[in-house]
Amino acid sequence: MRRPLVLAAAAMLLCAGCSTTDAGNRDKPAAASSSPSSGSGSAVRAAVAALREDTAGFRQKIELESDGQVYGLTVTGGFDFAADKGHLAVDLPGGAIDHSDQIFADSKIYISGVQGIGEDTWGVMPRDEAEAHYLLRAPLNDPEHVLQQIAAMRKISREGAEKVQGVRAVRYRGILDHRTVTLRMATDVRTRMDQARDALESDVPVFADAWVDGRGRLVQIRMSVNMSGARVTLTMALSDVGEPVRVKVPRASDTVPVTEVGGILNG
């Protein structure tokens, strides 16, 4: 993996020495957020709840920015949130391992491209044992995790209508508290986040946006943080709501149990 990408990711995690003076964030709260509407929060939560009972295609773009350079990876796929199954592909151009396929089914996650496992073999682990190893990343890129975080947005304000993904939608902006940001983080990463919060004497400033269309459906989600000159942004666009999602589960003979999967591709 390219060294700048590693440094950008590490900067977001190893910020225990940050002070309030070097924690500038370009994502400032909108003026309206000083008097958040409970109706705004209800609209976001209702949209998330509706999606959890449906299917959708999605495309995530995760950007790491450091020293004026931006590095990104993409996560694309389809998910049946009601049936807890789906498939996704993770791509990191130029990475040491630049592609991984992941399949969610039967409360398990199947992962290709795992270091130390044969090319034609899938690693498999219980879905509820996967952990996040980077800030604003979901455990093994689980899109349900992103929905859970967005549903927990606080101090939500209605920012007005915009055209997003080809449709007109209302943008809602809020913040994520420390508990939500560190949800299912690996212990060592959570410890560094706790240290960063203590150094700042406040939660690490993480902003969240959700776009909801006129039918009450989520169109796009975004989470972002800017700390000590490094910035992370996760944007997830949703499409094809209600379309069938088919999942092909690897044969048991082609799988190997794993207890932990690391690397930037896997969250």
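**Figure 1. The salt bridge between R251 and D254.** In this predicted model, R251 is exposed, with a relative accessible area of 58%. The side chain of R251 forms a salt bridge with D254, and the closest N and O atoms of the two residues are 3.1 Å apart. D254 is partly exposed, its relative accessible area being 23%. A search of the whole structure finds 10 salt bridges, and two further examples are presented in the next views.

**Figure 2. The salt bridge between R173 and D209.** R173 and D209 form a salt bridge in which the closest N and O atoms are 2.8 Å apart. R173 belongs to strand β8 (residues 167-176) and D209 to strand β9 (residues 206-213), so the pair ties together parts that are 36 residues apart in sequence. R173 counts as buried, at 8% relative accessibility. D209 is also buried, with a relative accessible area of 1%. Salt bridges with shared partners join R173 and D209 with E162 and R171 into one network.

**Figure 3. The salt bridge between R127 and D142.** The side chains of R127 and D142 meet in a salt bridge, with an N to O distance of 2.8 Å. Both residues lie in the loop between β6 (122-126) and α3 (143-151), so the pair ties together parts that are 15 residues apart in sequence. R127 is buried, and D142 is buried as well.

**Figure 4. Strand β11 and its pairing with β1 and β10.** Strand β11 spans residues 230-239 and is mostly covered, with 9 of its 10 residues buried. Strand β1 (residues 55-66) pairs with β11 in the antiparallel sense over 10 bridges. Strand β10 (residues 218-227) likewise pairs with β11 in the antiparallel sense, over 8 bridges. L234 of β11 is the bridge partner of I62, and M223 also stands opposite L234. In a regular strand, side chains alternate between the two faces of the sheet.

**Figure 5. The hairpin of β10 and β11.** The hairpin formed by β10 and β11 has 2 residues between the strands. Within this hairpin, S228 takes a positive phi near 50 degrees.

**Figure 6. A patch of negative charge on the surface.** D128, E129, E131 and E260 gather in a patch of negative charge on the surface. Of these residues, E260 is found in the segment after β12 (255-257). E260 is exposed, with a relative accessible area of 55%.

Conventions
Residues numbered from 1 in each chain as written. Predicted model: local features only at pLDDT ≥ 70, side-chain atom pairs only at ≥ 80, totals over all residues. Heavy atoms only, no water. Patch = residues over 30% accessible without salt bridge, like charges linked within 9 Å, V, L, I, M, F, W, Y side chains within 5 Å. Areas by Shrake-Rupley, 256 points an atom, 1.4 Å probe, with all protein chains shown as cover. Salt bridge = Lys/Arg side-chain N within 4 Å of Asp/Glu carboxyl O. Lys, Arg positive; Asp, Glu negative; His and termini not counted. Charge placed at Lys NZ, Arg CZ, Asp CG, Glu CD. Helix = DSSP H or I, 4+ residues; strand = E, 2+ residues; numbered from the N terminus. Buried < 20%, exposed > 50% of the residue type's maximum accessible area, 1.4 Å probe, protein only. Pairing = 2+ DSSP bridges.
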